[in-house]
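Visitor: I would like to learn how to read strands, sheets and a ligand site in a model of this kind. Could you take me through them slowly?

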Amino acid sequence: MIIGNYRIELEPRLSTPKWLYAAVPALSLLFAFVVGGVFIGLTGHSPIGTLSLLIERGYASTKGITNTLGSATPLICTGLAAAFAFRMNLFNIGEEGQMYLGMIGSAWAGIVLAGHLPGFVAVPMVLLFGALCGALWVLLPAVLRAKLGTSEIVSSLLLNYVALNLVNYFIFGSRGIFRDPTTSFPQGRLIEESARLGSFGTTRTYPTVLIAVALAIGLYWFMKRSNYGYETSVFADSPNTARYAGMSSTKLTLSVLLFSGALAGLAGSMYVVGPAGKVDPGLLQIGLGYAGIVVAALARYNFVAVILTAILFAGLREGGASLQISSNPVPISIAVVLQGSVLLFALGGEVFRRNRLRIRRVQQVSVAS
Amino acid sequence: MGSHRSGGATLFALSARQVTKRFPGVLANDRVDFDLLPGEVHTLLGENGAGKSTLASVLCGLYKPDEGAVLRNGTQVRLTSPRHGLQNGIAMVHQHFRLVDRFTVAENVVLGHRKLPFRLRANDLEDQVGQVAERFGLPLDPRAVVGELSAGQRQRVEIVKALYHGAEILLLDEPTALLAPPEVEKLFETVRAMTQAGKSVVFVSHKLGEVVDISDRVTVMRDGRVTGSVARGEADTRKLAELMVGRDIDLSPRRSRGEAKGTLLSLSNVGLTKDGVDHIAQVSFDVRAGEIVGVAGVSGNGQRELAEIVAGLIAPTSGEVSINGERVNGVGTRNVRKAGLAYVPEDRLGTGLAPSLSIVDNLVLTRDRGFLVDRKSAHAEAEAFIAQLEIKTPNALTATRKLSGGNSQKVLLAREIFAAGNNSRVLVVCSPTRGLDVGAVEAVHKLLDEARSAGKAILLISEDLDEVLTLADKILVLYRGSVVHEAMGDQVDVEAVGLAMAGLS
Ligand SMILES: Nc1ncnc2c1ncn2[C@@H]1O[C@H](COP(=O)(O)OP(=O)(O)OP(=O)(O)O)[C@@H](O)[C@H]1O
Ligand SMILES: [Mg+2]
């Protein structure tokens, strides 16, 4: 672009200075809040006041941050699930459904198996069952992808709707094992007490948050250092090179998708052992699976960064929701606008991290001929 | 500015004056002067990264120079786009083609034409396109779908496209890189037909041999600068090589100095039949320790299949391959490697190396990695290779795709020949210097020669006959999947080999 005597252009950076990795997200966040503030202003509320209230209720108060950590817990898992698949250029869009299946699987284990088991066996078992069911839910898309090359995007997405109807059927459509037998009101049956985890004190943060964080850090380390992580990065970069080196694309594709499904399933399990304690159709309303994809994208598919972006997102949601409970309620859609602009600015900021803005005088050369 | 003719009044069809073009971190063109006479073939010669494509792109309007000017018939033009260049009669055929695969030849050719009638009559277009093609000796079916054409044919489409749009000046960026020898000859005829019609051609190349044949003048570039300009007749390959590389280059034949020892790789009656077609038929030969057996032939005569069979990527349908006495038919790449094979595939960046991964990570690709990858020793190894083989790279963690062709080939060869834990004794190398400049060719040949001296059995499969003649102790010619000619490296009848490659023996 040339304006006057100046030429303005984006130039790819050869290397990214370290400070930019922190500065770009921080600035993106700032811009997102400015845009959000404009919208808040349009609704007739004070932008600064509302935003500071949101920050306080989302992050800066004990109640706020513990609520946020609680709802970030499953979000970290779905975020890890999306990031894990994406690292191998696989797009698992089915975290939502896999999470529902995780909830169903965990509830089943919690009702049927956990009976007389002590907590330290029951809880891990319930979590494991959820993860297994999440993995099973992606088995078909994974096999289709690995064996026939069918796009996993469509097949995993379609299964979300199947999973959704499955949950509805178990609670509203039938009187099966997942339904609370003590009342005619359609709600889930509570799992065994031994299979549940209490929250920390009076907060809504559950110990599962520690598992989620440990998983993120463990995965980060594992994928960086292990042979498995290495093979997936070779395959993601160049399938031909992987074949040349004798790696099996079927094994890698299958295992990555299944593991991604397991992580998403775990999100559902954590919901069961923690706040819900049962198959709870409430989970269908929150969209934690889809949000996981956004959280992963925002974290640029870095497992550790997923922790932060999940907390950021959960806080916007918690803070946004709590704004409604005030003398002068702000519409909840403000939280959605904020989430959207955070994403947009983060992706836009990426351009400036990769490129450098150069402004140069256009030089004129006189021609001797 | 001095002109090349006495009197100084020559009107150049196209010139560059003091053109400078920067890319992040590189000065791709540094005050370049270049002049093109009407009706001449002017070659731009230089190593990879010398700045040839950049200059050509500036001349055709794709890039705007940061400084300097482009002159058309002596007056300055400020080209804003390739289309604008074309309006000034300048067209470029890029190194990587820019065609729409799903369109027919005729559709691709007229694409981008501003004055097309509202309703296209396919027949008329096809006739017009056919006429242009015929006039310049470019056999081409206007109705063929581009996606189904060979590289040579696609290139013809690009040339016809330029001519159809009225190009007076054609810039061909490494047009011979993808062509087989007979196609190159055909291209040269077209170029001559164009200059006879008064058009000028800028021919970009880094292959010394062909340059001397076709050019009226050669301008040599190195590191973004013009290092010399030589007229037809004054140009000999040695001098040009020196201008290109900045030092003396030794491309004289290298042969085994010792006695070849026991057989390490052996093929007997190997055949590959797919869908009733014989891709490889009854191929038998041995490669012994300390020798290079060269397989020559025009590309597409089974070289690739042969290499992949030996490397274990595909299993032969008949016959037997053995490495070090061990039968390895269809045991898979990993096991073939265990049996002692190293393989340098033709496609270095997409197959031999993972392009976005670092040099370090590429060195561990063929190692036994265990549960955790040991990058520490690989890093030390990478640094040793960088120093020893003079690999030009910012550091060992640079992605291989950021290296030039010659340097990435060095990484690949280093891994396949010298890397720790690589106890291979047999090396299969395919077109190792394709697309590399003379300096890098020399380095690669030296490496292969060293590997031979170190007692490896090397199978060199290359479409570049000169390369095979330079290195091989024994030469086989592959034609339609069969070995049709055999000769010892130091007593080759080049003519007989050429005939055999063409299937005429
Ligand atoms: N679009 C680009 N962005 C950044 N750097 C570039 C770009 N194009 C070329 N370069 C750099 O400019 C230099 C000159 O490149 P150029 O493509 O002109 O070389 P070349 O002589 O055509 O080489 P080759 O034989 O490899 O085609 C190289 O260092 C190259 O990496
Ligand atoms: Mg080039």
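**Reading strands, sheets and a ligand shell**

Guide: In β2(A), the residue that stands as bridge partner of A:Ile2 is A:Arg7. This is a predicted model, in which local features need pLDDT of at least 70 and side-chain atom pairs count only at pLDDT 80 or more, while totals for chains, interfaces and linings use all residues. Residues are numbered from 1 along each chain as its sequence is written, chains are lettered from A and ligands numbered from 1 in the order in which they are written, and side-chain values use heavy atoms, with hydrogens and water left out.

Visitor: In what sense do strand β1 and strand β2 of chain A pair, and over how many bridges?

Guide: Two strands pair if DSSP finds at least two bridges between them, and strands themselves are DSSP runs (E, at least two residues), as helices are runs of H or I with at least four, numbered from the N terminus. Here β1 (residues 2-3) and β2 (residues 6-12) of chain A pair in the antiparallel sense over two bridges. They form a hairpin with two residues between them, and A:Gly4 in the turn has a positive phi of about 60 degrees. β2(A) also pairs with β3 (residues 355-361) of chain A, antiparallel and over seven bridges, with A:Pro12 opposite A:Asn355.

Visitor: Which residue in the turn of the hairpin of β9(B) and β10(B) has a positive phi?

Guide: That residue is B:Asp223, with a phi of about 50 degrees, and two residues lie between the strands. Six bridges join β9 (residues 217-222) to β10 (residues 225-231) of chain B in an antiparallel arrangement, and B:Arg222 has B:Arg225 as its bridge partner.

Visitor: How many residues surround ligand 1, and which are the closest?

Guide: A residue is counted as near if one of its heavy atoms lies within 4 Å of the molecule. By that rule 15 residues surround ligand 1, the closest being B:Gly49, B:Gly51, B:Lys52, B:Ser53 and B:Thr54. α1(B) gives the most to this shell, with three residues. By class the shell has five nonpolar, seven polar and three charged residues, where Ala, Val, Leu, Ile, Met, Phe, Trp, Tyr, Cys and Pro count as nonpolar, Asp, Glu, Lys and Arg as charged, and the others, Gly among them, as polar.

Visitor: Which atoms of B:Gly49, B:Ser53 and B:Thr54 lie by an oxygen atom of ligand 1?

Guide: For a ligand, a polar contact is a pair of N or O atoms within 3.5 Å. B:Gly49 places a polar backbone atom 2.7 Å from a ligand oxygen, whereas a polar side-chain atom lies 2.6 Å from one in B:Ser53 and 2.5 Å from one in B:Thr54. The protein covers 66% of the 630 Å² of accessible area that ligand 1 has on its own, by the Shrake-Rupley method with a 1.4 Å probe.

Definitions and conventions:
Polar contact = N/O pair within 3.5 Å; in protein donor to acceptor, adjacent residues only side chain to side chain.
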